[in-house]
Amino acid sequence: MLHFRRGAAITANDVKLSTTKYDHESYQAGPLMPGSYTFKLEGSTGSAKKQVELMGQANLIEGAAGNVGRKFIQLAHQLGAVVTTTSAARDFDRCRQLGSELTLDYHEPVASQCDRQFDHIIDTSGKVPLQANLAALNQGGQVTLITAPADNHFTFDVRQFYMAQKQISGFVISHATDDQLARAAKWLNPQFAAGALLEDDLNCQPFAAAAEVHAALEQGRDHHQRFVLVPPTEKI
């Protein structure tokens, strides 16, 4: 099995080798971690209907310059959403290149920088007060959390929340089903083959190095690399 940070595990039968210049560096193990968040952008069915519903949808991606955030920008943009992002100012150009229409400084509240309301807010940072995000939603909008604040607590106006039919959802890849991963893989593998979503600095290591790779991640010695554990070539 191929194992990824934050708990993803993909069976060898689902591995697909790229035929592009990333051949050795990128075993296409279905969605990887960021790709699995496709579920939150187009729904778990990945249907054409869901993709149509995203056309023109106002999405806010917080912490957009990070590994997951950059994937979100590209996926949301490709699916037709209007993307707003928060990041450090130095990352504005990069976010625009990936598909962000409006770039905001994460140091300042979103409400003080623009008057937009959003249909879907994805918080990849855990640093934005939940109430601020809920207040920035349109009626029926949704906030998706993929991490927690440092103190593991949020507070929000419950009456305002349910009266506007807003939603809060969470996502962790370790609870994704095999069927969900397979559907995401079918959508994402063609993009990988085309060279999309592969801008990360990948470091392929054999299964035998799993313990060292884990230690590097836990101790912050990964230097922003993305590790991929691969089986011996002769076994693929």
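Trainee: What makes strand β12 (residues 226-230) count as mostly covered?

Mentor: In this predicted model, 4 of the 5 residues of β12 are buried, and a residue is called buried when its relative accessible area is under 20%.

Trainee: How do you know that β11 (residues 202-206) and β12 are paired?

Mentor: Two strands pair if there are at least two bridges between them, and β11 and β12, which run parallel, are joined by 5 bridges; within this pairing, Q205 stands opposite L229 of β12.

Trainee: What makes β7 (102-105) and β10 (167-170) edge strands?

Mentor: The open sheet has 6 strands in the order β7-β6-β5-β8-β9-β10, with parallel pairing. Because β7 and β10 each have a single partner strand, one side of each is left without a neighbour in the sheet.

Trainee: How do you know that β9 (residues 137-145) is paired with β10?

Mentor: The requirement is at least two bridges, and β9 and β10 pair in the parallel sense over 4 bridges, with V143 having I168 in β10 as its bridge partner.

Trainee: Why is K166 said to have no salt bridge?

Mentor: K166, in the loop between α7 (158-163) and β10, is buried, and its nearest side chain of opposite charge, D157, is 9.4 Å away. A salt bridge would need a side-chain nitrogen within 4 Å of a carboxyl oxygen, so K166 has none. Leaving aside residues up to four places away in sequence, K166 touches several residues, including L134, N138 and F161.

Key: Residues numbered from 1 in each chain as written. Predicted model: local features only at pLDDT ≥ 70, side-chain atom pairs only at ≥ 80, totals over all residues. Heavy atoms only, no water. Helix = DSSP H or I, 4+ residues; strand = E, 2+ residues; numbered from the N terminus. Buried < 20%, exposed > 50% of the residue type's maximum accessible area, 1.4 Å probe, protein only. Lys, Arg positive; Asp, Glu negative; His and termini not counted. Contact = heavy atoms within 4.5 Å.
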